[in-house]
Amino acid sequence: MKQFDEMRRFAQMLAPLSDAQATIELIAQEAKNLVNADKCLVFMVDEEDSILLTKLNDEAGRVIIALDAGIVGYAYVSKEAQILNNPYEDPRFLKTIDEQSGYVTKNTLCVPIFNSKQNVMGILQLLNKTRSDFDQRDLETMSFFAHFISGSLELCMLENAQTLS
């Protein structure tokens, strides 16, 4: 019940935002808080260039991968959430990103964000849950959260695309 109260509070902060960067920053922060993760990357789909890219430029820098690369790409292609609690043992995990950034991924949860046409428009990737591994409850919470934020995120991305045109 506490998580739903948190999401109601979050909705009040999200509603007035129209700037993509501010919206994504708020989404990433809230996602981390909901499942006690160290980090959240929000990958957006760029179908024109066939890539997934993060919109936040954190200490690791911007991450750009092919649509089918890594566990994030697998979540995109399969359209299903993925939990990896031993990522270095999974061949889908992109170790090179950790090597380049110096970050050590202990566990990860990836959840697709669907647009109004039920196409994947983004992926939430949560990293390093504190004090335990990601579990089914975290997957359910983040799946609900991805659905919860999808309309606001889609609208914001459409508005930003129009101003860039």
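Asparagine 36, which follows helix H2, has a positive phi, near 55°. Helices here are DSSP runs of H or I of at least four residues, strands are E runs of at least two, and both are numbered from the N terminus. The model is a predicted one, in which local features need pLDDT of at least 70, side-chain atom pairs count only at pLDDT 80 or more, and totals for chains, interfaces and linings use all residues. Residues are numbered from 1 along each chain as its sequence is written, and side-chain values use heavy atoms, with hydrogens and water left out.

Helix H2 covers residues 20-35, and its 16 residues should span 22 Å at 1.5 Å a residue, the expected span being 1.5 Å times one less than the number of residues. Its end C-alpha atoms lie 23 Å apart, which agrees. Among the buried residues of H2 are Ala31, Leu34 and Val35; buried means under 20% relative accessible area (1.4 Å probe, protein chains only).

The whole structure contains 0 disulfides, a disulfide being a pair of cysteine sulfur atoms within 2.5 Å. For cysteine 40, the nearest cysteine sulfur is that of cysteine 110, 9.6 Å away. Cysteine 110 counts as buried because its relative accessibility is 0%.

Terms used: Buried means under 20% relative accessible area, exposed over 50%, partly exposed in between (1.4 Å probe, protein chains only).
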